[in-house]
Amino acid sequence: MNTPLFADLAAWIDSVLSAPLPEGIAAFHFNLYDSSTTYDLELVGAPTYDPEDPDWACDDIFMSSSPRFEIASEAVGPDWEAGLQAISQMILRYLDAASAGAARLKASRAVSLGFVDGDLHLVWRAD
C-alpha cells in the first residue's frame with residue numbers, strides 16, 4: 001500500500017473530522033468522484049442509516065469543505081474497480097488506526113464509500 005498516499009489521506013480525514021460536526025449524524029459516506037486523472041473524495045454525514053436503502057447517504061447534514069482529497073488514478077490502479085478497492089482498503093486501514101478521527105467515524109453506525117453516481121459499498125458497520 002502506498003504509505004505516503006495513506007498518510008496524506010489520514011491527515012485529510014483527521015482535518016475534516018477535527019471541526020465541529022452537527023448533532024445527529026448516524027453514518028458517514030465517502031463520495032468518490034472520477035476524472036480522467038484523479039479520484040476525488042469528500043466526506044458526508046447522514047442523519048439516517050438503512051442498509052436496505054441504497055440512497056441513505058443522499059440526505060446529508062454534513063459535507064467536508066473544499067478542497068476534496070485528490071488521489072492520482074495511477075496511484076491506485078488501472079481502472080475504476082481497482083481504484084475503488086484500493087481506496088476502500090485505505091479507509092479501512094484508517095478505521096483500524098488509533099486516531100480521534102477513526103474513533104469519530106466508528107461512533108456512527110456505518111462508513112461507506114462509492115462513486116457519486118453509483119452504488120454504496122459498506123466499508124465498516126457497528127455490530
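Hi everyone, and thanks for coming. Before we start, please keep in mind that what you see is a predicted model.

Let's begin on the inside. The largest nonpolar core holds 33 residues, and F30, L41, I87 and L105 are the ones that touch the most other members. Which elements build this core, with at least two residues each? On the helix side they are helix 1 (3-18), helix 3 (80-96) and helix 4 (100-106). The strands that do so are strand 1 (27-34), strand 2, strand 4 (69-72), strand 5 (110-115) and strand 6 (121-125). Helix 1 gives the largest share, with eight residues.

Now to the charges. In general, side chains with opposite charge can pair when their charged atoms come close. How many salt bridges are there here? The count is one. In that bridge the side chains of R68 and E42 meet, at 3.5 Å from N to O. The two partners sit 26 residues apart, so to speak in distant parts of the chain: E42 lies in strand 2, while R68 lies in the loop between strand 3 and strand 4. Is E42 buried or exposed? E42 counts as buried because its relative accessibility is 5%, under the 20% cut-off. R68, at 37%, is partly exposed.

Finally, let's go to the surface. There, D50, E52, D53, D55, D59 and D60 gather in a patch of negative charge. Take D59 as one of them: you will find D59 in the loop between strand 2 (38-46) and strand 3 (62-63). With 54% relative accessibility, D59 counts as exposed.

Methods:
Residues numbered from 1 in each chain as written. Predicted model: local features only at pLDDT ≥ 70, side-chain atom pairs only at ≥ 80, totals over all residues. Heavy atoms only, no water. Patch = residues over 30% accessible without salt bridge, like charges linked within 9 Å, V, L, I, M, F, W, Y side chains within 5 Å. Areas by Shrake-Rupley, 256 points an atom, 1.4 Å probe, with all protein chains shown as cover. Salt bridge = Lys/Arg side-chain N within 4 Å of Asp/Glu carboxyl O. Lys, Arg positive; Asp, Glu negative; His and termini not counted. Charge placed at Lys NZ, Arg CZ, Asp CG, Glu CD. Helix = DSSP H or I, 4+ residues; strand = E, 2+ residues; numbered from the N terminus. Buried < 20%, exposed > 50% of the residue type's maximum accessible area, 1.4 Å probe, protein only. Core = buried A, V, L, I, M, F, W, Y, C linked by side-chain atoms within 4.5 Å.
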